[in-house]
Amino acid sequence: MEYGIFLYFYKEKIKYLSMDKLFLLDAYALIYRAYYALIKNPRINSKGFNTSAILGFVNTLEDVLKKEKPTHIGVAFDPSGPTFRHEAYEQYKAQREETPEVIRLSVPIIKDIIDNIINISENIIDNYLIHGKSFNFHS
């Protein structure tokens, strides 16, 4: 039984901001919201796969990054299997329907996207800092 949550963190390395700004995102809340928001008009790719959950999640993440400009961001995913809540309350989530297959298939893709955003961002920032210092730019 797992008791933790999976967190993906992005940490902005540029230190010109006077205060740190942390955003924590509930991945499954955003994924479900996006999927059901587009349930009547799903986004289907050329291979016939419903990308509504992926599109909505990425759009929300992009909005947060662009508009709020966080210095740190965490994306939390529920652990697989029961948690302490199931032990404390036997009926926890008992009334919920099974997770739609489209969401189940979308989660690994969303995790890959998050990993790639983190890697690209860190490479861009590292490259800026390395070259910025060699050209005497203020970083």
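1. R104 and E101 both belong to helix α4 (residues 101-134), where three residues, about one turn of the helix, separate them. Their side chains form a salt bridge at 3.5 Å, N to O; the term denotes a side-chain nitrogen of Lys or Arg within 4 Å of a carboxyl oxygen of Asp or Glu. E101 is partly exposed, its relative accessible area being 47%. The cut-offs for accessibility are under 20% relative accessible area for buried, over 50% for exposed, and partly exposed in between (1.4 Å probe, protein chains only).

2. R104 has a further partner in E98, with the closest N and O atoms 3.2 Å apart. R104 is partly exposed at a relative accessible area of 39%, whereas E98, at 65% relative accessibility, counts as exposed. Through shared partners, salt bridges join E98, E101 and R104 into one network.

3. The model is a predicted one, in which local features need pLDDT of at least 70 and side-chain atom pairs count only at pLDDT 80 or more, while totals for chains, interfaces and linings use all residues. Residues are numbered from 1 along each chain as its sequence is written, and side-chain values rest on heavy atoms, with hydrogens and water left out.

4. The protein has four helices and three strands, arranged from the N terminus as β-β-α-α-β-α-α. Helices (H or I, at least four residues) and strands (E, at least two) are DSSP runs, numbered from the N terminus.

5. Of the 139 residues in the protein, 28% are buried. The accessible surface comes to about 9900 Å², and carbon and sulfur atoms hold 56% of that surface; the areas were computed by the Shrake-Rupley method with a 1.4 Å probe, and for residues only the protein chains shown count as cover. Among contacts with a separation of 6 or more, 78% join residues 24 or more positions apart, a contact being heavy atoms within 4.5 Å.

6. The salt bridges in the structure number three. One of them links E62 to K66, with 3.1 Å between the closest N and O atoms. Both residues lie in helix α2 (residues 52-68), four residues apart, about one turn of the helix. E62 is partly exposed at 36% relative accessibility, and K66 is exposed at 54%.

7. There are three aromatic pairs. Rings of Phe, Tyr and Trp (its six-membered ring) pair if their centres lie within 6.5 Å; planes under 30 degrees apart count as stacked, over 60 as edge-to-face and the rest as tilted. Y28 and F77 form an edge-to-face pair, 5.9 Å centre to centre with 85 degrees between the planes. Y28 is in helix α1 (residues 27-37) and F77 in strand β3 (residues 72-77), so this pair ties together parts 49 residues apart in sequence. Y28 is partly exposed at 21% relative accessibility, while F77 is buried at 0%.

8. Y35 and Y36 make another edge-to-face pair, at 4.8 Å centre to centre and 80 degrees between the planes. Y35, at 11% relative accessibility, is buried; Y36, at 41%, is partly exposed. Ring pairs join Y32, Y35 and Y36 into a cluster.

9. F77 also has a charge over its ring: K111 lies over the face of F77, 4.9 Å from the ring centre. Such a placement requires NZ of Lys or CZ of Arg within 6 Å of the ring centre and within 35 degrees of the ring normal.
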